[in-house]
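Subject: Structure handover

Hello,

Here is the structure I promised to pass on. Please open it alongside this note; my findings follow below.

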Amino acid sequence: MNPGNGDGTAHGGRPDGTVDNSGYDDHAYNGYEVRPGVPTADTYRRLRRATGLGDKSAEGAAIGLPNTWYGVTVHASPGPVDGGAADDADPVGISRIIGDGGCFFQIVDICVLPQHQGHDLGKRIMAALTAELERRAPAGAYVSLIADGDARHLYAKFGFTETAPASVGMAFMPRPAD
């Protein structure tokens, strides 16, 4: 992973248009807080369904979520006047990084409930994930993701580039057991 430009500015832009995450700040912002952590299986499944990512089985979520390398949850805050942290309401957004911890990583499950979109939460999620990759992933690690629709424009701001036509994403889904 390439280090940031070192200016310490959260979400600061680089000359190439990508974002420097070296100064990522995970405190409450604009009524929301991005926290490190993995959602419960119920929350994970609820958010995937509500955001159109599709459901995953309870069994699959129970097996897969503990294998998360790094994850974040976004919590809405009631906007306390004392500047306190977000409440413990159910998360309104999530994402995770999975992989082998050394050579290959994949960003998955990027989602924000529709009623909470438009508050730069996708940008804050990506900033948290890429900051953690910059901090902990070994040099030369390969980080991938699948970009749906216009989300590719957001990911490009964090240094992701399209791989086609040299390579294309492919998928396989095993059939359920009889």
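A nonpolar core here means a set of buried Ala, Val, Leu, Ile, Met, Phe, Trp, Tyr and Cys residues joined through side-chain atoms within 4.5 Å. Please keep in mind that this is a predicted model.

The chain has 178 residues, and 36% of them are buried. Its secondary structure comes to 4 helices and 7 strands. Along the sequence they run β-β-β-α-α-β-β-β-α-β-α. Of the contacts with a separation of 6 or more, 60% link residues 24 or more positions apart.

Now the core. The largest nonpolar core holds 33 residues. Ile97, Phe105, Ile107, Met126, Leu129, Leu133 and Phe160 have the most contacts inside it. At least two core residues come from each of β3 (32-36), α1 (41-50), β4 (70-76), β5 (93-99), β6 (104-112), α3 (121-136) and β7 (142-145). The top contributor is α3, with 7 residues. In general, nonpolar side chains tend to be buried together in soluble globular proteins.

Phe160 deserves a look. Leaving out residues up to four places away in sequence, Phe160 touches Ile107, Met126, Thr130, Val143, Ser144, Leu145 and Tyr155.

Next, the strands around β6. β5 and β6 pair in the antiparallel sense, over 6 bridges. Gly93 has Val112 of β6 as its bridge partner. The two strands, β5 and β6, form a hairpin with 4 residues between them. Gly101, in that turn, has a positive phi of about 85°. With β7, β6 pairs in the parallel sense over 4 bridges. Gln106 stands opposite Ser144 of β7. Together, β6, α3 and β7 make a right-handed β-α-β unit.

One loop residue is also worth checking. Thr68 sits between α2 (58-64) and β4. Is Thr68 buried or exposed? Thr68 counts as buried, because its relative accessibility is 14% and the cut-off for buried is under 20%. Its side chain has a polar atom 2.7 Å from the backbone oxygen of Leu65. The side chains of Thr68 and Arg96 are also joined by a polar contact of 2.7 Å. Beyond four places in sequence, Thr68 touches Val38, Arg96 and Ile97. Ile97 is also among the core residues with the most contacts inside the core.

Best wishes

Note on methods. Residues are numbered from 1 along each chain as its sequence is written. This is a predicted model: local features need pLDDT of at least 70, side-chain atom pairs count only at pLDDT 80 or more; totals for chains, interfaces and linings use all residues. Side-chain values use heavy atoms; hydrogens and water are left out. Buried means under 20% relative accessible area, exposed over 50%, partly exposed in between (1.4 Å probe, protein chains only). Contact means heavy atoms within 4.5 Å. Two strands pair if DSSP finds at least two bridges between them. A crossover is right-handed if, with the strands pointing away from the viewer, the path from the first strand over the helix to the second runs clockwise. A polar contact is a pair of N or O atoms within 3.5 Å; within protein, one must be able to donate a hydrogen and the other to accept it, and residues adjacent in sequence count only if both atoms are side-chain atoms.
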